[in-house]
Amino acid sequence: MPNWKHLQKLNNGEAIWYSDPQLELKGEVWLYSAGGELRVWSDGTLSKNQPEALKVTTPVKARFTLFKPMSLLFVDVEVRGAQAVVRRGTINGAFNVSLLDATTGEALVARYRALGFRDANPWNATKKRVVIREYIKGDSTFWAMKVDGPVIMDGYDKETATESHEAAIERAEKRIRAKEKAGFVLRTIDLRDASHPNPEPKAPKGAPKKASAPKGPSFTKPKNAYEAVDTAIAMLKDLHDRYPKAHFVAEHLDVKKEPERMDSLDQQLSIFKRQYKHRIGSWEGAKALKPLKKESSWDYFQRVYGTVTWIVDNAMDRGLPTFPCGNVTGGGWSCLEIADDVYDIDGLVEATENKDLENLFVFHGGWHVGRSFAFDQRTTSPTGEHAVISFDEGIQDLPRKTPAGRIQPFGLWLHKHVTRLIHIAEENLREGL
């Protein structure tokens, strides 16, 4: 819980908006004043919005843009002659705008590097994430500019190819200059997935080095479906431990050792904490066991591990097939939820009067957005496995039966699925370092 009295003191005693600060570090706090204005308290000085900064139309001589990806924050500095227009705020959200002497710009940028902000090209944060700057004129006339490799987006749908990334930036700056003369001002700075190759942003000499990605172990290819289950769980545990921010595997979470991990995600998890209390930390003491005679890999998973619930932060979910855990807002943003009680198929059979659906056993969440999976119990392999099929509530007819001899065991499916998700998630987490 934020210290509201302290925040109001930082706001020069003026009323505040009772919301968590966007940034709260030693010597740096980004807070909301009453009415929703983002204000920046930096090293003892409070910066309020300066509307006159939006009226500066001197041509931009240089831009400096830094991001804090996992916190969805940015610092953007436009050097305009003897002045610098500084914006500090949330990606695709509110920002504080102020006007400073251009000679102070270098020191300001250096300060935010020291606070963990990463240098970016003003038009792309990484090789795969590009910047879109949206402008507004009056109350309702919008225009946007994006540079993606050698291509610019002028407006919201018109794309023009140029001969190089540098040429695209030059053309973009000219268009922005013309729009500013016509009365447009910057409204938001956002990030989008790139469609073209972009240069990797490089920090200047002397800037703090980016943290190295923690290296993980090499996992041996599983010999059978039971080892595949154990390996998939080990991979999830490893990623949870190596990247202690922006995600967690509930069953592996140690709330005593990681008391703030759930709350560090930019999500409301009150329902999750209440509804899935039994899953949190439930893998404690769990270890690979010898399969029982005629035990399927699903039954083995149930006996040894029970469930798996992987919650990811909104800032690192790009490319992951996410859905609200339990199909409930406040249940957590999940990309993997496996349990034997995630769905009531009897209710769907009754609602649709389609008795064929009784053959399905849904074991993975995300049914309402087509990201769920179920066992097709019409056929069974010699080892007791059922075919895994995609599932959502709009299903009308069951797919063609999978011959018993061609059924992929659950454990092998799980290993393949988890491997794919971890590859995507780790790339996102590495970008956010």
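This is a predicted model: local features need pLDDT of at least 70, side-chain atom pairs count only at pLDDT 80 or more; totals for chains, interfaces and linings use all residues.
Helix packing is a friendly place to start. Two packed helices are described by the angle between their axes and the distance between the axes. Helix α4, which covers residues 225–242, packs against α8 at an angle of about 20°, and their axes lie 7 Å apart. Angles under 35 degrees count as roughly parallel, and α4 and α8 are therefore roughly parallel to each other. Their crossing is left-handed. On the α4 side, the residues that meet α8 are Ala225, Ala228, Val229, Thr231, Ala232, Met235, Leu236, Leu239 and Arg242. They face Phe410, Gly411, Leu412, Leu414, His415, Val418, Thr419, Ile422, Ala425, Glu426 and Leu429 in α8. Sorted by class, this contact of α4 with α8 holds 14 nonpolar, four polar and two charged residues.

Helix α8 also packs against α6, a helix made of residues 297–304. Here the angle is about 70°, with the axes 7 Å apart. Since angles of 65 to 115 degrees count as roughly perpendicular, α6 is roughly perpendicular to α8. From α6, the contact uses Ser297, Trp298 and Phe301, while α8 contributes Phe410, Gly411 and Leu414. Four of the residues in the contact of α6 with α8 are nonpolar and two are polar, with no charged residues.

The remaining pairing to look at is α4 with α6. These helices pack at an angle of about 40°, and their axes are 9 Å apart. That angle makes α4 oblique to α6. The crossing of α4 and α6 is right-handed. Ala225, Tyr226, Val229, Asp230 and Ile233 of α4 make this contact with Ser297, Tyr300 and Phe301 of α6. By class, the contact of α4 with α6 comprises six nonpolar residues, one polar residue and one charged residue.

The largest share of the lining, four residues, comes from β14. This second largest pocket has a volume of about 380 Å³. It is lined by 24 residues, and the closest to its centre are Leu72, Arg129, Leu191, Ala315 and Arg318.

Technical notes: Residues are numbered from 1 along each chain as its sequence is written. Side-chain values use heavy atoms; hydrogens and water are left out. On a 1 Å grid over the protein atoms alone, a cavity is a set of points where a 1.4 Å probe fits but cannot get out, and a pocket is an open set with protein on both sides within 12 Å along at least five of seven lines; lining residues have an atom within 4 Å of a point. Grid points are joined across faces, edges and corners, and a volume is the space filled by probe spheres set on the points. Helices (H or I, at least four residues) and strands (E, at least two) are DSSP runs, numbered from the N terminus. Axes are lines fitted to C-alpha atoms, for helices over the stretch in contact, and angles run from 0 to 180 degrees between N-to-C directions. Angles under 35 degrees count as roughly parallel, over 145 as roughly antiparallel, 65 to 115 as roughly perpendicular and the rest as oblique. A crossing is left-handed if the near helix is turned anticlockwise from the far one by less than a right angle, and right-handed if clockwise. Contact means heavy atoms within 4.5 Å. Ala, Val, Leu, Ile, Met, Phe, Trp, Tyr, Cys and Pro count as nonpolar, Asp, Glu, Lys and Arg as charged, and the others, Gly among them, as polar.
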